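User: I would like to learn how to read strand pairing and salt bridges in a model. Can you take me through a case?
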Amino acid sequence: MSTRIAFLKGHGTENDFVIVPDPENAVDLPPAAVAALCDRRAGIGGDGLLHVVRSAAHPEAAEMAAEAEWFMDYRNGDGSVAEMCGNGVRVFAHYLQRAGHVAEGDITVATRAGVKRVHLAKNGDVTVGMGKAVLPAGDVTVSVGEHSWPARNVNMGNPHAVAFVEDLGQAGNLFTPPPVTPASAYPDGVNVEFVVDRGPRHVALRVHERGSGETRSCGTGACAVAVAAARRDGADPAVTGTPATYTVDVPGGRLVITELPDGGIEMTGPAVIVAEGEIDAEWLAAVRL
């Protein structure tokens, strides 16, 4: 291994990521190394890490290689593995274009939640086909202190609990995971969204992402919120036959979410690369221990 490992830093609506290009899957990134890289004081800093690998070179993505050349091996900021990250996919696709691996237009990206279709627009916006939402049956409740709210259980390839509140301040500090019951609804943890209305088909959210704490944005969370809002508002596209589009404000910016009559969900928003450099391989080897 060389003594230096390339990295970039990027964000999508201020949901930020360390990007490690590694086409042949040669860089060892155990949880401790990922957590160290994402540490905002002792590392580079990020809500998560985007490990850029050719699908054919990664055992979890090899079966998707015929559909998508590149695999987004996504990790949460604590080093744990995640199925999917909506903002991460946009930044991942933007990196592939910047690096010359893909051109403007339509591309595919392999993720642990399946192959995602992405459109790179001329104005820099990135649209991701996020797949269909699954709405598991059963009541779910989210609590903060003495307050509790009914929540909608929405799965976007990763699990979400969406609670509509009167004021986003009611979400508390979100440093620790808000209690969600029953625990059996989310055996592997859950992302929790607190949502307020801003206007017709316009909402705002705060989110606690499992493994990362409160983040400035969550793409799959914005999709889950739009789906939950559409059901609440009687605008289920499968019933009305008309697409439902919601503007979703996150602390770091704005996303536009459209659910189609066939259940497919599209998310559009920005992606930015802010820096690139090199990781000291000796330091990384030390923190792996």
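Analyst: Start with the terms. Two strands pair if DSSP finds at least two bridges between them. Strands (E, at least two residues) and helices (H or I, at least four) are DSSP runs, numbered from the N terminus. This is a predicted model: local features need pLDDT of at least 70, side-chain atom pairs count only at pLDDT 80 or more, and totals for chains, interfaces and linings use all residues. Residues are numbered from 1 along each chain as its sequence is written, and side-chain values use heavy atoms, without hydrogens and water.

User: In which sense do strand 2 and strand 3 pair?
Analyst: Parallel, over five bridges. Strand 2 covers residues 15–21. Pro21 has Val52 of strand 3 as its bridge partner.

User: What joins strand 3 to strand 4?
Analyst: Seven bridges, with the strands running antiparallel. Here Val52 stands opposite Met72.

User: Is strand 3 largely enclosed or open?
Analyst: Buried means under 20% relative accessible area, exposed over 50%, partly exposed in between (1.4 Å probe, protein chains only). Six of the seven residues of strand 3 (48–54) are buried, so the rest of the structure largely encloses it.

User: How many salt bridges does the structure hold?
Analyst: A salt bridge puts a side-chain nitrogen of Lys or Arg within 4 Å of a carboxyl oxygen of Asp or Glu. The structure holds 18. One of them joins Arg40 and Asp16, 2.8 Å from N to O. That pair links distant parts of the chain, 24 residues apart: Arg40 sits in the loop between helix 1 and strand 3, Asp16 in strand 2. Arg40 is partly exposed at 49%, whereas Asp16 is buried at 10%.
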